[in-house]
Amino acid sequence: MANTTIAAFSIDEHLRWATARIVGREIDPESVTFGREVEPTEPGVIADQLTDYVARISAKYPDVRRAQGIGISMIGPVDVGAKEVKRVARKDWTPKIPGDPIIRFKNVFAAQERGLANARLAVQNDATCGALAEWYFRENPRTEDLGLWVYITINEGVNCGVLNVSRPLFQYRHAEIGHVFPARHPKDPFDPEKHSSCPLHLWCFEGIASGASMRKRWGDDWSADPRAWNLEAFYVGQLCLTAMLGFRPDRLVLGGYVVHRNPEFLPMVRAAFAALNNGYIEDGKAENPATYISAGQFDDRVNVLGALVLALDAAVGGPRSVVDRSTTES
Ligand SMILES: [Zn+2]
């Protein structure tokens, strides 16, 4: 296994890639390399865009070409079991043949050079990959970090990934609590017809609390407006409460550019969460939002980084031992 390489691709507003090498059954963190060729995704057939991108990158980089495991992160909803996406919130992405899924990842890789076509493939939605990155590459891993984690991402979309003892909770699908309907703040000027940023729902968290929704409500300079942050904290606090009640995680980790843009935001979310919970759940964790809710450590490469963890699982062909990881790191 010493020379095994893995590769990852992520698909959202951009196409990205990364590679790493496996030592034993774990990723060598020193070997993680992020691709320089980041490309904006365009309207049209996303399957063709990805097929061309993978072909170009693999022709240029031997570690991609030789990869034995491939991990894919994509905005959802992703059919994890079938390794395909039937449709996405981006309506300007079309399938090759009308009525077909938007993308079948097996076909994308079957079309590649023979080595890559034979690599093992694992696919998840972006938030689940974000969760994997935050868990796997966290600083100072400790056994008490095990358990159930929910990672919530607030970007142009809103969603969550759920891990149970280091692995995605769901094998064939994923949670979609970004599309649960929140209670509206009475002082919110949100007009669903004008401001919702979810193409399919007027009232969901993604429609009302994504970065895109903030921009529609308050303009391009929304993050300079304190009213925007107060309302955003109210909605993200509700989303944390929804995740906590639905999954009862040991930790909630918040990521995405909205969260990282303002260092004052996390304390506001914690306060909103505590007010909404109102002492109902007291399990030694949820009543202490300062430790229960934390910010993610990674930037917008978090999804492709998490896809490397999927690639690791695909390459080693079975569940990793979380105990092995701590021993290889010492
Ligand atoms: Zn929605």
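## Basis of the model

The model is predicted: local features need pLDDT of at least 70, side-chain atom pairs count only at pLDDT 80 or more, and totals for chains, interfaces and linings use all residues. Residues are numbered from 1 along each chain as its sequence is written, and side-chain values use heavy atoms, with hydrogens and water left out.

Eleven residues of domain 1 are in contact with 13 residues of domain 2, where contact means heavy atoms within 4.5 Å.

The size of an interface is often given as the accessible area lost when the parts come together. Here domain 1 and domain 2 bury about 790 Å² between them, with 55% of it on carbon and sulfur atoms. Buried area is the accessible area (1.4 Å probe) that two parts lose on being put together, summed over both. Of the area that domain 1 buries against domain 2, 44% is supplied by Ala 89, Gln 124 and Asn 125, more than by any other three residues.

Between the domains there are zero salt bridges (a side-chain nitrogen of Lys or Arg within 4 Å of a carboxyl oxygen of Asp or Glu). On the side of domain 1 that touches domain 2, four residues are nonpolar, four polar and three charged. In this grouping Ala, Val, Leu, Ile, Met, Phe, Trp, Tyr, Cys and Pro count as nonpolar, Asp, Glu, Lys and Arg as charged, and the others, Gly among them, as polar.

## Arg 301

Arg 301 lies in the loop between β16 (293-295) and α13 (302-316). Helices (H or I, at least four residues) and strands (E, at least two) are DSSP runs, numbered from the N terminus. Arg 301 is partly exposed, with a relative accessible area of 34%; buried means under 20%, exposed over 50%, and partly exposed in between (1.4 Å probe, protein chains only).

Not counting residues up to four places away in sequence, Arg 301 touches Arg 16 and Phe 34. Its C-alpha atom is separated by 8.9 Å from that of Gly 130, 171 residues apart along the chain.

## Helix α8

Helix α8 (residues 211-218) is mostly covered, with six of its eight residues buried. The buried residues are Gly 211, Ala 212, Ser 213, Met 214, Arg 217 and Trp 218. Their cover includes α6 (192-195), α7 (205-209), α9 (226-247) and α10 (257-261). After α8 comes Gly 219, whose phi is positive, near 95°.
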